[in-house]
Amino acid sequence: MRVQKSILCAAAAIFLASAAPCYAGKVVVEGSTTVLPIAQRAAEVFMDDNPQVEISVRGGGSGVGIASLLAGTCDIADSSRPIKEKELEDAVSRGKDPKANVIAMDGIAVIVNPSNPVKSLTKKQLKDIYTGKISSWSALGGSGPIVAVSRDSSSGTFEAFGELALDKEKVRPDALMEASNQAVASVVAKTPGAIGYVGIGYINDSVKALELNGVYPSKETVLRNRYALSRPLFMYTNGKPDGDCKSFLDFIMSKQGQILVEKEGYIPLGG
Amino acid sequence: MKKWYLLFTAAAVFATAPVSNVRAGEIDILLDKLVDKGVLTAGEARQIAAETKEDVRKEVAAGKSDTLPKWVQNTKLKGDFRLRYQMDHAKSSHNQTKNRQRGRIRVRLGLESKVNEKLLVAVGMATGLNEYTTSNKDTIRSTNQTLGASWSKKPFNLDYAYAKYTPMPGFAVIGGKMLLKDAIWEPGDLMWDTDITPEGVAFDFARNVNSDMSVFLKSGFFLLEEISSSNDDPYSIHIQPGMDVKIADGISLRASVAADYFRVRDFTLKGSSVSNTGSYKSGDNSYAVPMANYTNIMPALELKFSDPFKAFHINVPQLRLFGEYVRNFADIDPYSGKSGYMLGFGLGADKVAKFGDWVLKYNYARLEKNAVLDILPDSDRYEGKTNIRAHEIALDFGLGENTWLGFDIYRAQLLTAPRAPSTVVQVDWNMKF
């Protein structure tokens, strides 16, 4: 009889743990590599303040995160894009209710060396530069050859730039690939003919940010939806967040959480 | 209170407007006004806009779900059509030249339906002969249909039909007549013609070790013939452990070792003919009877490089290098050879998806007489026979979305005299739907 009770208790515990993971003191976060730095930093600080909660953060990409959320193997899906139509239909057919929680904005600034007379580009000109159709500044009001600088292909900024600016076309093969936003800014600052792109938080006095379609990249223009190279960053939950999931998301949207967002180079929504 | 009223109004505009009329511009103007009036911060406005748009999209998806029957939502149809010109140029054992030109088609239609979250059923039909005939040098594994015969109606047969049960992520059990890729991985087609659809049960397991490495195990038990007069039937067993490794940024490796056992000795195999080249004894109706059980070990390797010529400013999306080796450990005629290998590369796009995409492929295959059962190899390469060596070069070029041209040339000959060299040229127009 005692054995039967133990088995029943264990089964009940497993059922409760799987049915309500956010209440079990453990939150699994999975998905976008762009959102990953925010999730990781926020989890560290949140767990310091809430040692009874364990937050496990994994990358894998937006699609992986959303698939895991729909399969019930994670509690929060990080995504740098809205959920796709097919994923929504899949969610509905599985009886899931993916709820979008916007936690920050991602904005990418196009920068050149301060000596470059060019102040503004159209989105098409930017695409033509990075896909190799335009190779000289003379076609754009400057002079000399263009040195294109890009983030390396494993970065979330590279992925975002490819989607927002290049319509998923490939970056020209002669582009210099740099491992960080700081490295891109540094190369552009030292190279007269260089053009690069960085998170808006990385604009500094050593480089000149260009207007795109007549709009200067800033927190204000991104938040007012004026600037083209920007997008919301999501943390999807299954239904309205509750329990530890809600506490964690509330923390990210708090003033302290949004400061972490800004420190990671993204644009906070407020707090 | 005013703030909540305005927020409610904004949300109501999203929620009540017909989906086709929801215009992002109008929504943004309204939110901008709320920001200008100091009701919302710009961040709050962006959050509301993005989250509400997502809610509306979800409602649309739910609406679709309500209007379409469940079985329609759970079922997918797919297919393809290929129009082929083929020229065979062969020299016979008496050194006489023979040319043959053919118009050929291939049609495949497939349907797959989710029975529930863990169970999927798939059925496919394809052109092709359903039985080997000595008058036609095609083998039973081909899906090509030669045009002619006074415009006769052409056979359209069951190509595959299987159930796939996935009790947990990374593990699936497949039963029925299944697609080759579910049961076996091979980077080329040295041993297995890619049109083969094995019959039996297979187990497909895959697991991530870390972010740079995963392992897999494919295994299966397959029925080769059913002999009504006997309770002892020929079968095969397949076990294939392997791994995927990300070696560096843009470089990945897939490697495996497959072990296959074919219990075929003294059984009549309908897919094999006495005109084929393995060590067989003649059976009834021109079918062949293998003289031994085959035990094959096949290591295989595939290396993929993304943007391989970037340093030279040449834009080629992918380079694929592969190699495979097969050896038969059966106790059978040691003098006629029991091993084979294939080396090859692929260059260009990962797949031809739009106009201008291209893929160039080349491989060299050498397959000794008793290396593998000759019911298995590519039916286009020297009519699927063993005891051959062959070069194959192919180019696919995208004509538009879901349609491409293919050029494929095989140059092959026997390993032993008479060499009887053969050249096959195929020009294909492919359409996928």
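The model is predicted, so I keep its thresholds at hand: local features need pLDDT of at least 70, side-chain atom pairs count only at pLDDT 80 or more, and totals for chains, interfaces and linings use all residues. Residues are numbered from 1 along each chain as its sequence is written, while chains are lettered from A and ligands numbered from 1 in the order in which they are written.

**Entry: the interface**

I looked up the contacts between the chains and found 27 residues of chain B in contact with 26 residues of chain A. On the chain B side, the elements that give two or more residues are α2 (24–36) and α3 (42–67) of chain B, where helices (H or I, at least four residues) and strands (E, at least two) are DSSP runs numbered from the N terminus. The largest share of that side, 14 residues, comes from α3(B). I then sorted the side of chain B that touches chain A into 6 nonpolar, 8 polar and 13 charged residues, counting Ala, Val, Leu, Ile, Met, Phe, Trp, Tyr, Cys and Pro as nonpolar, Asp, Glu, Lys and Arg as charged, and the others, Gly among them, as polar. For the complex I noted an ipTM of 0.72 and a pTM of 0.66 from the predictor.

**Entry: chain B**

I read an average pLDDT of 86 for chain B, with 88% of the residues at 70 or above; pLDDT is the predictor's confidence in each residue, from 0 to 100. Over residues 15–22 of chain B the pLDDT stays under 50, and the model has 6 contacts for them beyond four places in sequence. Where pLDDT is low, the predicted coordinates should not be read in detail. I counted 5 helices and 20 strands in chain B, and of its 433 residues 30% are buried, a residue being buried if 20 or more other C-beta atoms lie within 10 Å of its own, exposed if 12 or fewer, and partly exposed in between, with C-beta atoms placed from the backbone.

**Entry: strand β5 of chain A**

Which strands pair with β5(A)? I required at least two DSSP bridges between two strands before calling them paired. Strand β12 (residues 230–238) pairs with β5(A) in the antiparallel sense over 5 bridges, and there A:P232 is the bridge partner of A:M105. Strand β9 (residues 194–199) is also antiparallel to β5(A), joined by 5 bridges, with A:G196 as the bridge partner of A:I111. Strand β10 (residues 208–209) is antiparallel to β5(A) over 2 bridges, and A:K208 stands opposite A:V112. I also noted that β5(A), residues 102–112, has 10 of its 11 residues buried.

In helix α10(A), residues 255–263, I found A:G257, A:Q258, A:L260 and A:V261 buried. They lie on the same side of α10(A), because they cover an arc of only 150 degrees around the axis, the arc being that of the directions from the helix axis to the C-beta atoms. These buried residues pack against α2 (36–49), β5 and α9 (243–253) of chain A. Just after α10(A), I read a positive phi of about 95 degrees at A:G265.

In helix α4(A), residues 85–93, the buried residues are A:E87, A:L88, A:A91 and A:V92. Their arc is 140 degrees seen down the axis, so they line one face of the helix. The exposed residues A:E85 and A:K86 are on the face turned away from that buried side. After α4(A) comes A:G95, for which I noted a positive phi near 75 degrees.

Technical notes: Two residues are in contact if their C-beta atoms, placed from the backbone, lie within 7 Å.
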